[in-house]
Amino acid sequence: MSQTAAGRRTVRIAMNGVTGRMGYRQHLVRSILAIREQGGIDAGDGTVIWPEPVLVGRREYALKALAERHGLDPDAVSTDLDAVLADDSVSVYFDAQVTLAREEAIRKAVAAGKHIYTEKPTATGLTGALELAGLARAAGIKHGVVQDKLFLPGLLKLKRLIDGGFFGRILSVRGEFGYWVFEGDWQSAQRPSWNYRAEDGGGIVVDMFPHWEYVLHELFGRVTAVQALTATHIPQRWDERGKPYPATADDAAYGIFQLDGGIVAQINSSWSVRVNRDELVEFQVDGTEGSAVAGLRNCRVQHRSATPKPVWNPDIPATEPFRDQWQEVPDNAEFDNGFKAQWELFLRHVELDEPYTWDLLAGARGVQLAELGLRSAAEGRRLDVPELSL
Ligand SMILES: NC(=O)c1ccc[n+]([C@@H]2O[C@H](COP(=O)([O-])OP(=O)(O)OC[C@H]3O[C@@H](n4cnc5c(N)ncnc54)[C@H](O)[C@@H]3O)[C@@H](O)[C@H]2O)c1
């Protein structure tokens with residue numbers, strides 16, 4: 001699509017944390033730059049929404065190098081967040097910094113009247129997360145939190161099955177997430193070391209329970225109670241400089257979640273497990289009429305009418321090829337990158353006032369579940385998850 005500058009609704013976005021794993025690859029390159037490459041977002045009135053990033057961070061040379069690599073304005077980089085927030089031409093603040101740095105930056109951005117789009121978790125504690133949601137509401141700004149898993153092809157297919165009534169009554173959900181994250185001594189770790197230090201905002205519960213909250217909530221029902229057991233299976237790791245450090249955060253969490261309506265969900269999350277699955281995350285859903293196994297991309301089903309009748313007999317080899325008895329759910333649609341799809345919806349919300357529900361209050365629910373999950377593990381008991389409101 002070719003557009004004149006006059007047909008563009010330019011949205012200047014302060015992007016903080018773009019040198020990081022998520023900020024760079026998922027948000028800058030695969031979302032904002034991809035939207036520009038496709039010619040912007042069609043507003044439906046002859047104009048396009050055109051995101052214009054302003055790269056914010058701590059190292060000017062790294063930001064300049066990024067701007068140069070991607071043909072962006074070399075002057076639209078800054079190490080001074082306050083100055084960027086004072087710039088009236090910037091209307092959106094985006095945060096993909098390390099989790100610990102997020103809350104303070106978002107507070108400043110809300111105070112400056114910017115719309116907010118942010119990675120999860122929105123804060124390290126529920127009090128802070130709720131305060132952010134309250135401040136944003138009082139300021140009358142628009143706000144959104146990344147909930148990328150909802151846009152994965154596998155989960156979209158699962159949602160389609162639920163909406164089509166495939167399962168009958170859903171009984172249970174079993175999720176298995178994880179892979180082996182190298183310790184960093186003889187092979188470098190594939191995740192940043194702060195993830196393994198509680199004092200730096202790390203830990204798999206803080207990282208993954210926010211995702212499980214919105215996945216369970218949107219697909220199956222609100223989480224009403226949580227029981228978790230956490231572990232730090234690997235007590236020592238090696239950081240980006242090859243220096244050993246004690247791993248103080250949980251690297252595995254075994255969680256049971258009770259959902260509104262009676263569904264039981266059990267999700268294992270681990271950075272200390274080797275993959276013997278088709279995908280890095282898989283959810284098995286069992287219902288009275290049928291079952292499904294959904295991963296990031298694929299989804300397989302088995303209907304009640306095609307369910308085998310195994311008989312327990314350990315003395316003979318398995319009588320049926322159980323894994324072959326499932327049927328692949330077809331795509332039936334083109335699936336865009338989930339991060340980009342959600343950015344597009346958020347920018348439409350900002351520019352065109354279209355509805356958008358994944359806001360800072362939804363983000364606070366994720367933080368709440370992480371906080372209660374950790375407390376449940378520390379106290380060794382199941383905890384209710386009260387419904388949040390502002
Ligand atoms: N949506 C998802 O699926 C998903 C996946 C992974 C991470 N995340 C979230 O994204 C955020 C960033 O994670 P990441 O894996 O990209 O981390 P990362 O370490 O790769 O990047 C962190 C970014 O924050 C910046 N930063 C700002 N202050 C810092 C400080 N004091 N110390 C270190 N870095 C600082 C770094 O320069 C870098 O740009 C986290 O909040 C994490 O929870 C989300």
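## Helix H1 against helix H8

H1 passes H8 in a right-handed crossing; that is, the near helix is turned clockwise from the far one by less than a right angle. The model is a predicted one: local features need pLDDT of at least 70, side-chain atom pairs count only at pLDDT 80 or more, and totals for chains, interfaces and linings use all residues. Residues are numbered from 1 along each chain as its sequence is written. H1 spans residues 21-37 and H8 spans residues 338-352. Helices are DSSP runs of H or I with at least four residues, strands are runs of E with at least two, and both are numbered from the N terminus.

The two axes come within 9 Å and cross at roughly 55°. Axes are lines fitted to C-alpha atoms, for helices over the stretch in contact, with angles from 0 to 180 degrees between N-to-C directions. H1 and H8 are therefore oblique to each other (under 35 degrees is roughly parallel, over 145 roughly antiparallel, 65 to 115 roughly perpendicular, the rest oblique). H1 contributes Gln26, His27, Arg30, Ser31, Ile32, Ala34 and Ile35 to the contact, and H8 contributes Phe339, Lys340, Trp343 and Glu344. Residues are in contact if their C-beta atoms, placed from the backbone, lie within 7 Å. The residues of this contact are five nonpolar, three polar and three charged. Ala, Val, Leu, Ile, Met, Phe, Trp, Tyr, Cys and Pro count as nonpolar, Asp, Glu, Lys and Arg as charged, and the others, Gly among them, as polar.

## Two domains

Domain 1 covers 5-148 + 338-358, and domain 2 covers 150-335 + 368-383. These bounds come from an automatic or database domain assignment. The domain centres, taken over C-alpha atoms, are 29 Å apart.

Across the boundary, 14 residues of domain 1 are in contact with 13 residues of domain 2. On the domain 1 side, helix H4 (99-111) and H8 each supply at least two residues. H8 gives the most, with three. By class, this side has five nonpolar, six polar and three charged residues.

## Annotated span

An unreviewed UniProt entry annotates residues 156-292 as "domain: GFO/IDH/MocA-like oxidoreductase". Such annotations may be inferred rather than shown by experiment. The span is 18% helix and 36% strand, and its end C-alpha atoms lie 13 Å apart.

## Backbone details in loops

The peptide bond from Lys120 to Pro121 is cis, with omega near -15°. Pro121 sits in the loop between strand S6 (115-118) and helix H5 (126-139).

Asn332 has a positive phi, near 55°, and is not a glycine. Asn332 lies in the loop between strand S17 (327-328) and H8.

Key:
Contact = placed C-beta atoms within 7 Å.
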